[in-house]
Amino acid sequence: SDNKFVAGLALVAIGNLATADMSRDLAPEVDKHLKSPLSYLRKKACLAMARCLNKCPDMVEDFVERVSSLLKDKSHGVLITVVQLMTQVLMIDYQNALEEDEDPFDTDCRKAFLRLVPYLCKMLRNLLGGGYSGDHDVGGISDPFLQVQLLTLLRLLGTNNEQASEEMNDVLAQVATNTETSKNAGNAILYECVQTIMGVESEDGLRVLAVNILGRFLLNRDNNIRYVALNTLAKCIVEQKQNERDSGLVAVDTGADANNAMSALQRHRTTVVDCLKDPDVSIRQRALELIYHLVNQDNVEQLAAELLNYLVLCPREHRSDICSRILKVVDRFSPDDRWRVDTLITTLTIAGREASAAVQSATTVYISRAPADIHAFATHKLLKAIRDDDGTQTGLLSVGIWCIGEFGDLLLQPYTYTPSSGASNGGITSITFMQLDPSSIVNTIELVTQRRSCPSHVKERALTAYAKLSNRFEGKGDAAALTRLETLLQTQSSSKSLELQLRACEYN
């Protein structure tokens, strides 16, 4: 049709409605309009061709050269669709190479597009340095839509290609430093620029610049921008760690001389921690994920304290996952046995009901393998926690009763220790646990088992504790406590629970 709107409607219909066979048959007609003198039809043809190639991936190689020639078009609308088409061609070519067991980064299509990287960089640089244009200006930014599309295409081309990445390093640095951030259009370009820097083989200095941009995003009042920043930072750190593992390198997270994304992110640690106090739960969850990746030997105590603080405030359905994360952090970065045991006991005190069996078992193992001094510390601390608990933290009760049964004789002596963080508060403060008599220890366990909410596995562990304490308190001069222990064991011999009956009869 001579009417451009009718022809444009036909191209839209082909792109959206044509089947694979129809796309293959109509591709020459669409290709004819790629050379149309009307920019409106060239734009519609590019969009239709992108959809046709998606339905017929085998036609990709036939259009590589034709697509490249369209990059010299003067219409920004056509340029945007051409860059979108090139992006689509690259993605389809990547999938085709994988299906044919070929190297997806060494295809003819990719090589042809890689020769265009200098020209793409030049286009992006012209957009940055160009003057005001009312047709393309959005919030003081020259055609942000085209800039975003160019950055996306450069990211695909620079992946696993050092030469192409080297060619685009300068223009990426220029975009990162010269883009205005007061308007949302500028933030969109910066976000895409960060994605590109992290996706290509960029220099360490450029990656630090990208992390600093995301750090500025965290200070933005818009929750959407903060969410995107947290999500991107976490993704970047995970990818960096994965690349280091794949290449066999040893990850270096910190250091005054380190100049990588991880060390740059550590400088924004305080801002990330502040996000845990945000009223938006999605922001808090993203910040939690990022903090987990930030933990290392140097900051484990501070960040573990923040995780415990968040554990108090977070929804119950998230507590199990956070407890598991704390366990992994403690297992990997713990500075000493006392801190490890103290952190796990605090975790059970806050979320013993939600903590998984793995967290409870790990706490038991760490206590049992620790020196005698830690045995006394853990037993006193657990007994105090059990007394303060209302019976809902079943994980705490289970571990605490086991520990009392195993090391109950240590409760008969006072215990004093100095927290490692005491010196930082302006002075060393010692904490002392008072000695207890056998009767009060037995009464503590008995009160736990008498609650209606006490689960059967805690009662079973209490019976085992009674049997152990009978042996540990023998000769301690408290006959009443020994008699009470014997009575408690005999009482359960007629219990409705078969397991409790078996244990009571066996221990008697």
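This is a predicted model: local features need pLDDT of at least 70, side-chain atom pairs count only at pLDDT 80 or more; totals for chains, interfaces and linings use all residues.
Residues are numbered from 1 along each chain as its sequence is written, and side-chain values use heavy atoms, with hydrogens and water left out.

Next I looked up the aromatic pairs (rings of Phe, Tyr and Trp, the last by its six-membered ring, with centres within 6.5 Å; planes under 30 degrees apart are stacked, over 60 edge-to-face, the rest tilted). The count by this rule is seven aromatic pairs. Phe-377 and Tyr-415 make a tilted pair, 6.4 Å centre to centre with 50 degrees between the planes. The two sit 38 residues apart, Phe-377 in helix H20 (residues 372-388) and Tyr-415 in strand S3 (residues 415-417); helices (H or I, at least four residues) and strands (E, at least two) are DSSP runs numbered from the N terminus. Phe-377 has 0% relative accessibility, and Tyr-415 is buried at 7%.

I then checked Phe-377 with Tyr-417: this pair is edge-to-face, at 4.9 Å centre to centre and 75 degrees between the planes. Again the pair links distant parts of the chain, H20 and S3, 40 residues apart. Phe-377, Tyr-415, Tyr-417 and Phe-433 form one aromatic cluster.

**H2 against H3**

How do H2 and H3 pack? I noted an angle of about 155 degrees for H2 (residues 20-34) and H3 (residues 39-55), with the axes 9 Å apart; axes are lines fitted to C-alpha atoms over the stretch in contact, and angles run from 0 to 180 degrees between N-to-C directions. That makes the two helices roughly antiparallel (over 145 degrees; under 35 is roughly parallel, 65 to 115 roughly perpendicular, the rest oblique).

The contact (heavy atoms within 4.5 Å) includes Ala-27 and Val-30 of H2 and Ala-45 and Met-49 of H3. I logged ten nonpolar, two polar and three charged residues in it (nonpolar: Ala, Val, Leu, Ile, Met, Phe, Trp, Tyr, Cys and Pro; charged: Asp, Glu, Lys and Arg; polar: the others, Gly among them).

**Positive phi**

Last, I looked at Asp-101, a non-glycine residue with phi near 60 degrees. Asp-101 is in the loop between H5 (76-99) and H6 (108-114), and is exposed at 73% relative accessible area. Asn-160 also has a positive phi, about 60 degrees, in the loop between H8 (144-158) and H9 (162-178).

Terms used:
Buried means under 20% relative accessible area, exposed over 50%, partly exposed in between (1.4 Å probe, protein chains only).
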